[in-house]
Amino acid sequence: MDYLKRLDDSKDELIRRLSELAAIRSVVEASEGDMPFGRGVQEAFEYFLKLGAEEGFEVCNIDNYGGHLDFGGWIYDEEGNLTGRNEETLGILVHLDVVPEGDGWTYPPYEPCVVDGKLYGRGMEDDKGPAMAVFFALKALKDAGFRPKKKIRLILGLDEEVDWVGMKHYLSKVKAPDFSFTPDADFPVIHGEKGIMVFELARKFGAGREKGLVLRSISGGTAPNSVADRAKALLNGPDYDDVKAKLAAFRERTGYTVSCKGRGKSLEITAEGAAAHGATPWEGLNAISVLMAFLGELNIVNEDVRDFIRFYNDKIGFELDGASIGCKAEDECSGGLVFNVGMIQMDEEAVRVTVNIRYPISLTCEDVYEAMMPELNRSDIGVVKQGQKDPIFTPEDSPLVQTLLRVYRKHTGDEESRPQVIGGGTYARAVPNAVAFGALFPGTKETMHQRDEHVEIDKLMAAAKIYAEAIYELTK
């Protein structure tokens, strides 16, 4: 069959369709009528369903909470007559929602453009680009006349970046696939994912009666699973000369990007960092931690506020392993715990810091909470649990992992890369017998959840070919 050549011939159409999809700002928002995740997500969902129907796939919409495109599984007799359908199903789970775009893009995040062989726009890596690569892989197989003996189901998730309510609703109405992969991570294949927990560290403040420099508010970050690239604080005081002098010295000493400007009678401090995925925070710089480090050098009069800033700098700071707060852990299979501060909101009454932890597969989230509590109790910090996902693990020698690994190696010649356990959380957790498979190649700089997110077109096409052959091998 010529499905790989058909993929080559569809390159321009793939780029066009992906650009149209990525132009839709599909950030999850408040429900609106019969659109449970807001208008943008609904528009992206309807776009993909319409595209699938136009190409002859069987389309299903489950209450606007999710849906799928079906292909194959038909059973024929020796004369080619249809006799039934095999219900054994390969699931391919993608998602159409994206994280908020943030600031500082070189190219507008929802006006996709090609520059130096790279297609820029929010969602190009996570997960609209891989979703479209899989779709065109299926289209190429279908157009080439492939008759898969097992049903292939491309499942469209709509709130993967937040609470997975859509996927839970979808799976309450539709039987889960028998085996699956999701193109939402790395090649060669991800056979395990650490546990994920999201929670707030919270503290109330007593009324401040002292005269002097008052910290009125702090805000920063856009999502728990992203490294905050910007954070701001608002100060009130009788004189800001000392603050400005300390700011200049801090900037000179650290090299961090921190600035100030007047806002009425207040002074606004802005810290800039570098966004990254919350599973790999070392690839960015947390602006919240930069801001808190500077605020720790000021003579803020409210004692409770000072205590919290001191707690943050002493027990969190720039650490990414949770060591000082007491939850550092690791195991041989999945490596170390990852601690990311995603957001902060503070006013004169209370503070809330949203934390996203990826913990080793040998632990439970309760193990992590228990390890932190001594430090939190000493500082009168409360915990507000927001959600958690258990770790998953598929043995490396399983037929699914080995088939995907073999196809990847055939197309790349890469015999060195091994199956991995990652800190990222994918829809592989949502269904049984599932792994993540691509679409990021080893050695490629990740831009998921970052400004100027992009995908190299040649690598996207290479991924599409890998997906096409993997689907062929798993369902022939």
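**Briefing: helices and backbone geometry**

Buried residues of helix α7 are Ala287, Ile288, Ser289, Val290, Leu291, Met292, Phe294 and Leu295. The model is predicted. Helix α7 spans residues 287-295, and eight of its nine residues are buried, so the helix is largely enclosed by the rest of the structure.

**Helix α7**
- Asparagine 286 caps the N-terminal end of α7.
- A side-chain oxygen of asparagine 286 lies 2.9 Å from the backbone nitrogen of isoleucine 288.

**Helices α10 and α11**
- The axes of α10 (residues 399-412) and α11 (residues 457-475) come within 9 Å.
- They cross at roughly 140 degrees, and α10 and α11 are therefore oblique to each other.
- The crossing is right-handed.
- On α10, the contact uses Leu400, Thr403, Leu404, Arg406, Val407, Tyr408, Lys410, His411 and Thr412.
- On α11, it uses Lys465, Ile466, Glu469, Ala470, Glu473 and Leu474.
- The contact residues comprise seven nonpolar, three polar and five charged.

**Cis peptide bonds**
- The bond from phenylalanine 187 to proline 188 is cis, with omega near 10 degrees. Proline 188 sits in the loop between β10 (185-186) and β11 (190-193).
- The bond from glycine 438 to alanine 439 is also cis, with omega near 15 degrees. Alanine 439 belongs to strand β25 (residues 439-440).

**Positive phi at non-glycine residues**
- Asparagine 64 has a phi of about 65 degrees. It lies in the loop between β1 (58-61) and β2 (67-71).
- Aspartate 452 has a phi of about 55 degrees. Its loop runs between β25 and β26 (454-456). With a relative accessible area of 15%, aspartate 452 is buried.

Definitions and conventions. Residues numbered from 1 in each chain as written. Predicted model: local features only at pLDDT ≥ 70, side-chain atom pairs only at ≥ 80, totals over all residues. Heavy atoms only, no water. Buried < 20%, exposed > 50% of the residue type's maximum accessible area, 1.4 Å probe, protein only. Helix = DSSP H or I, 4+ residues; strand = E, 2+ residues; numbered from the N terminus. Polar contact = N/O pair within 3.5 Å; in protein donor to acceptor, adjacent residues only side chain to side chain. Axes fitted to C-alpha atoms, helices over the stretch in contact; angles between N-to-C directions. Parallel < 35°, antiparallel > 145°, perpendicular 65-115°, else oblique. Left-handed = near helix turned anticlockwise from the far one by under 90°. Contact = heavy atoms within 4.5 Å. Nonpolar A, V, L, I, M, F, W, Y, C, P; charged D, E, K, R; others polar.
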